[in-house]
Structure formats: structure tokens, C-alpha cells
Amino acid sequence: MLKFTEEHEWLKVEGDVAIVGITAHAAEQLGDLVFVELPEVGASFSKGADAATVESVKAASEVYCPLDGEITEINEAITADPALVNSDPMGAGWFFKLKLRNVGDLDGLLDESGYKELIG
């Protein structure tokens with residue numbers, strides 16, 4: 001199941017774990033990424049909390065935690081090569097895996113057609 005936030009994060013959900021990243025739209029808006037800071041494995045976040053930071057040649061931006069949960073894994077590859085986020089934002093450029101506190105909260109997020117409508 002694929003879900004999106006209004007803050008341009010995507011979630012690929014398998015059971016109660018979501019792989020989280022930023023959308024292609026967000027990656028395009030940011031431009032070429034030069035730095036990514038990821039959260040610690042084991043850290044817990046509430047929905048909307050700053051979970052990661054990205055810096056591009058244009059700006060720095062936060063990546064928000066899309067739902068309440070705990071970080072179970074991070075993608076070290078994007079800290080070594082931030083350009084992966086630009087080249088494959090919804091694949092190899094994922095940020096972290098989040099064990100969801102409440103799977104039912106997914107209902108409050110956008111589906112793909114809702115997200116496409118948001119970005120026009």
C-alpha cells in the first residue's frame with residue numbers, strides 16, 4: 001500500500017512497518033541534494049515531528065515523520081550519496097523504516113490520486 005502526506009513524504013506500507021521517503025516532486029523542488037541527516041534507529045517520533053534533514057544547493061529542509069512510530073532502520077546509502085534521493089526518490093532513495101504505533105492512522109493520509117491532485 002502506498003500513501004502520501006501533504007508535506008511530500010511517501011510511505012510504502014507492509015504490515016505495521018512503513019518505508020518512508022520524499023516524493024519525486026519534493027526532490028525536484030529541492031534540487032540536487034548535498035547532505036542528508038537521518039534519525040537514530042530506535043528513536044520514537046510523533047506525527048509531524050522533524051525526523052530527518054536534507055540540504056540541497058538551494059535550501060535546507062526537514063523531512064517530517066508521517067505518523068507516530070519508532071525508527072527500525074535507516075538508509076545509510078543516502079548519507080554517503082545524497083544524489084540517490086534525486087535519482088530514485090521512491091526506490092533506492094528511501095530514508096527510514098517506521099514501525100507504526102497505530103496502523104489505522106494510515107486512513108488519514110493521501111492515496112496516489114489524492115497526492116497528484118494536491119501537487120496539480
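Author: Helices (H or I, at least four residues) and strands (E, at least two) are DSSP runs, numbered from the N terminus. By this scheme, K58 is placed in the loop between β6 and β7 (60-64). The model is predicted: local features need pLDDT of at least 70 and side-chain atom pairs count only at pLDDT 80 or more, while totals for chains, interfaces and linings use all residues. Residues are numbered from 1 along each chain as its sequence is written, and side-chain values use heavy atoms, with hydrogens and water left out.

Reader: Is K58 buried or exposed?

Author: Buried means under 20% relative accessible area, exposed over 50%, and partly exposed in between (1.4 Å probe, protein chains only). K58 counts as exposed because its relative accessibility is 60%. Contact means heavy atoms within 4.5 Å; leaving aside neighbours within four places in sequence, K58 is in contact with E28, Q29, L30 and G31.

Reader: What joins the side chains of T53 and E62?

Author: A polar contact is a pair of N or O atoms within 3.5 Å; within protein, one must be able to donate a hydrogen and the other to accept it, and residues adjacent in sequence count only if both atoms are side-chain atoms. The T53 and E62 side chains are joined by such a contact, of 3.1 Å. T53 belongs to strand β6 (residues 50-56) and is buried, because its relative accessible area is 15%.

Reader: Which residues touch the most other members of the largest nonpolar core?

Author: A nonpolar core is a set of buried Ala, Val, Leu, Ile, Met, Phe, Trp, Tyr and Cys residues joined through side-chain atoms within 4.5 Å. Here the largest has 28 residues, of which L11, I22, F95 and F96 touch the most other members. Elements giving two or more residues to this core include α1 (24-30) and β4 (33-37). Apart from this core lies another, of five residues, among them F4, W10, W94 and Y115.

Reader: What is the order of the strands in the open sheet?

Author: Two strands pair if DSSP finds at least two bridges between them. The six strands run β1-β2-β3-β9-β8-β5, with antiparallel pairing. The edge strands, β1 (2-4) and β5 (44-45), each pair on one side only.
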